[in-house]
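Reader: I would like to learn how to read a few features of a protein model, taking them one at a time. Could you take me through them slowly?

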Amino acid sequence: MKFNPDADLDTSGVEDTRGSGGGGGGLLPGGMGIPVGGGIGGIILLVVILLLNGGLPGGGGGSSDQPVTRNTAPGNLDSCKKGTDLTANPECRFVFYQNSIEGFWAAELPRRGKKYTRAPLRVFDGSVNTGCGPATSAVGPFYCPPDQRVYLDIGFFRTLEQELGAKGGNFAEAYVVAHEYGHHIQNLYGILDRIKSREGPTSDSVRSELQADCLAGIWTHHATTAVDKDGDKLITGLTEDDISRGLDAAAAVGDDRIQKRAQGRVSPETFSHGTAEQRMKWFKTGMDSGDMTACDTWSANPL
């Protein structure tokens, strides 16, 4: 994955709150528990999930202006102003991801006659308070519809490799972030309101997650077209190895793979995200087409 060293980075959409604490874990408002992966030897397997709460409208309604206690330690993401800052602070790559992903959608949706609303990327560690309720790092990356934010503990990517068996790498990370922004796009279109059934191989939850994978693939198709405020490209190239790692990450978070690792068997009746094969298929569908109309997982049969 080639980052442009001459790019100007915009940190206004990235909230680095690491070290500030804030938030406990447990239940969402209304009593719905936050679903997490199973455990092996006491280690919780993290799952890339969408926080769902039947008591909250999918179209928003929570505060999008929560107070932010920013990380002021050396190397925080607010210090990532230029592409060259990546040399001193490799974590600036997350600002690249966010700028490229949101930059693409901010241009694409108006082209389709839809207003785009920004969704900050909030980076946290340990625990965090959200418009969906308190959450811990065990939840994994997620999107919260009421406050329209993507939440990420960077430590998830170690688990993605060490516990879920993914190859990892920069583009595996970018795929995860792009998937969560896919949920934001669904939210803006009111698609998240359609989610009624939470579990099962053809459940609404599975269809929503696979569509988010497809939307991540669409960004991938256009990844090298997103530009900074001066019109300079943010990401200048993706390699075959990058794409391979993205597909590998999609497979690693398939329900069947996670369940096999966690409990030694696969239980399709409890699927919430789709199988490894399905997640790769829909990510590749978006990547190959670059067109949102290719991402209709709601009418697809079979998935």
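Author: Let us start with a pair of strands: three bridges join strand β8 (residues 142-144) to β9, and the two run antiparallel. Helices (H or I, at least four residues) and strands (E, at least two) are DSSP runs, numbered from the N terminus, and two strands pair if DSSP finds at least two bridges between them. This is a predicted model, in which local features need pLDDT of at least 70 and side-chain atom pairs count only at pLDDT 80 or more, while totals for chains, interfaces and linings use all residues. Residues are numbered from 1 along each chain as its sequence is written, and side-chain values use heavy atoms, with hydrogens and water left out.

Reader: How many residues lie between β8 and β9 in the hairpin?

Author: Four residues lie between them, and Gln148 in the turn has a positive phi of about 50 degrees. Within the pairing, Tyr143 has Val150 in β9 as its bridge partner.

Reader: Which strand runs parallel to β9?

Author: That is strand β5 (residues 121-123), joined to β9 by three bridges, with Leu121 standing opposite Val150. Along β9 (residues 149-152), Arg149 and Tyr151 point one way and Val150 and Leu152 the other way, and all are buried; buried means under 20% relative accessible area, exposed over 50%, and partly exposed in between (1.4 Å probe, protein chains only).

Reader: How should I read a disulfide, and how many does the structure hold?

Author: A disulfide is a covalent bond between the sulfur atoms of two cysteines, and here the term is applied to a pair of cysteine sulfur atoms within 2.5 Å. The structure holds three disulfides, and when the bonded cysteines are numbered in sequence order, the pairing is 1-2, 3-4, 5-6.

Reader: What is the handedness of the disulfide between Cys132 and Cys144?

Author: The torsion about its S-S bond is about 110 degrees, so the disulfide of Cys132 and Cys144 is right-handed. Cys132 lies in the loop between β6 (127-130) and β7 (133-136) and Cys144 in strand β8, so the pair ties together parts that are 12 residues apart in sequence.

Reader: What describes a pair of aromatic rings?

Author: Such a pair is described by the distance of the centres and the angle of the planes. Rings of Phe, Tyr and Trp (its six-membered ring) pair if their centres lie within 6.5 Å; planes under 30 degrees apart count as stacked, over 60 as edge-to-face and the rest as tilted. A search of the whole structure finds 10 aromatic pairs. For Phe94 and Tyr97 the centres are 5.3 Å apart and the planes at 80 degrees, so the pair is edge-to-face. Phe171 and Trp219, in turn, form a stacked pair, at 6.0 Å centre to centre with 10 degrees between the planes. This second pair links distant parts of the chain, with Phe171 in helix α4 (residues 170-188) and Trp219 in helix α5, 48 residues apart.
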